[in-house]
Each structure stands twice: as structure tokens, then as C-alpha cells.
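Visitor: I'd like to learn how to read a fold from its elements down to its packing. Could you walk me through one?

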Amino acid sequence: MQPRKHARNIPRKPHYFSIDLADIGETYWRIPSMAKAAKVLNLLQSSGFMAAAQNAKDGDEIVSNLGENLPALFACQGALLGVCWFHENQDLETKLQNFRGDMSLYGEEVYEELHESGWELGHVQTCFVELVQKVVDSFVTQKEVAEKVSFLAPTGAATN
């Protein structure tokens with residue numbers, strides 16, 4: 001991680017929030033735009049995470065359902081934390097643009113960076129669980145708004 005020269009101002013908007021982590025303290029996050037959220041949700045879907053989570057009662061059952069595809073979970077976690085990262089005093093060294101849009105490789109590198117910085121599995125999982133819920137809720141809300149706007153938009157020339 002790279003220390004910021006100047007602390008980032010955290011806006012008081014609904015898509016900015018904090019998660020308090022034991023041994024780390026308060027961490028700040030930003031729910032990404034629908035475009036970026038869709039890429040992360042697509043990774044969650046293609047990795048098998050969504051299918052594994054659909055009928056699971058808890059995290060242990062998700063891990064069991066993933067089986068051999070378990071490494072994909074860590075890539076998903078890293079990707080989600082990476083696109084939502086909005087730390088007040090630190091930037092991630094791992095940048096999405098360096099991975100040509102490959103969310104899985106990006107996620108693996110973010111996970112490694114967090115691990116190297118002292119984040120434990122429990123820290124990552126706590127943030128991941130909360131971020132998944134917030135991103136899915138945000139995506140659904142934004143999608144509903146877009147559908148309503150499309151439905152209410154004028155459809156061209158009126159006929160008599």
C-alpha cells in the first residue's frame with residue numbers, strides 16, 4: 001500500500017461508508033458505479049461463487065460448495081475490495097487498469113497486497129460480506145431506476 005500525501009476527504013454520500021475492523025480500525029469504502037459493479041458481479045457469477053452461495057446456509061457451506069474452485073473466491077474478494085477501496089490515508093498499489101480489465105487477476109493481486117499489509121482472512125471476509133450486499137443492493141437499485149427512466153422516456157414522434 002502507498003501512503004497518501006494528503007488525507008482523502010470522505011464525502012457524506014450514501015455510497016461512501018466505513019467498516020470498523022478489529023486490529024485495523026475504521027476502513028472506508030465506496031460503492032462503484034453500475035459499470036464497475038457489473039464487472040465484479042460478473043466475476044462472482046462466472047467464478048461459481050453465486051451458485052455456491054445460493055443454497056448455502058453459511059460461509060463454511062459456500063467454501064464446501066466451491067470445492068476445487070475455492071481460489072476463485074479469493075480473486076472475487078480481492079476484486080471487490082479493490083474496486084470499493086477508498087482508504088483515507090492509503091492507496092492500493094494494485095491498479096485495475098494494469099490488468100486490462102481482467103478482474104480475476106486484479107483480484108488475486110489485491111488480495112496479495114492486503115495479505116502483505118497484514119490483513120487477515122477474517123478482515124477480508126468481514127469486508128467482503130458487507131460489500132457484496134451493498135454492491136448488489138446498489139446495482140439492483142440503479143438497474144430499477146434505469147428501467148423506470150427507460151419506461152417513462154418518450155418513445156419518439158406521437159401519432160394522431
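Visitor: What pattern does the protein chain follow, read along the sequence?

Guide: In this predicted model, the order is β-β-β-α-α-α-α-β-α-α. That gives six helices and four strands.

Visitor: And what share of the residues is buried?

Guide: Of the 160 residues in the protein chain, 37% are buried. The chain exposes about 10,100 Å², and carbon and sulfur atoms supply 50% of that area.

Visitor: Which residues touch the most other members in the largest nonpolar core?

Guide: That core has 39 residues, and W29, L81, L114 and W119 are the ones with the most contacts to other members. At least two core residues come from each of β2 (16-21), α1 (34-46), α2 (49-54), α3 (59-66), α4 (70-84), α5 (103-116) and α6 (121-152). With seven residues, α4 gives the largest share.

Visitor: What does W119 touch, leaving aside residues up to four places away in sequence?

Guide: Its partners include W29, L81 and L114, along with M1, L21 and C127.

Visitor: How do α4 and α5 pack?

Guide: Start with the angle: 65 to 115 degrees counts as roughly perpendicular. Here the angle is about 80°, with the axes 6 Å apart, so α4 and α5 are roughly perpendicular to each other. Among the residues making the contact are F74, L81 and V83 of α4 and Y106, Y111 and L114 of α5. The contact divides into 10 nonpolar residues, five polar and one charged.

Visitor: Finally, how many contacts join residues at least 24 apart?

Guide: Among contacts between residues at least 6 apart in sequence, 68% do.

Note on methods. Residues are numbered from 1 along each chain as its sequence is written. This is a predicted model: local features need pLDDT of at least 70, side-chain atom pairs count only at pLDDT 80 or more; totals for chains, interfaces and linings use all residues. Side-chain values use heavy atoms; hydrogens and water are left out. A nonpolar core is a set of buried Ala, Val, Leu, Ile, Met, Phe, Trp, Tyr and Cys residues joined through side-chain atoms within 4.5 Å. Buried means under 20% relative accessible area, exposed over 50%, partly exposed in between (1.4 Å probe, protein chains only). Contact means heavy atoms within 4.5 Å. Axes are lines fitted to C-alpha atoms, for helices over the stretch in contact, and angles run from 0 to 180 degrees between N-to-C directions. Angles under 35 degrees count as roughly parallel, over 145 as roughly antiparallel, 65 to 115 as roughly perpendicular and the rest as oblique. Ala, Val, Leu, Ile, Met, Phe, Trp, Tyr, Cys and Pro count as nonpolar, Asp, Glu, Lys and Arg as charged, and the others, Gly among them, as polar. Accessible areas come from the Shrake-Rupley method with a 1.4 Å probe; for residues, only the protein chains shown count as cover.
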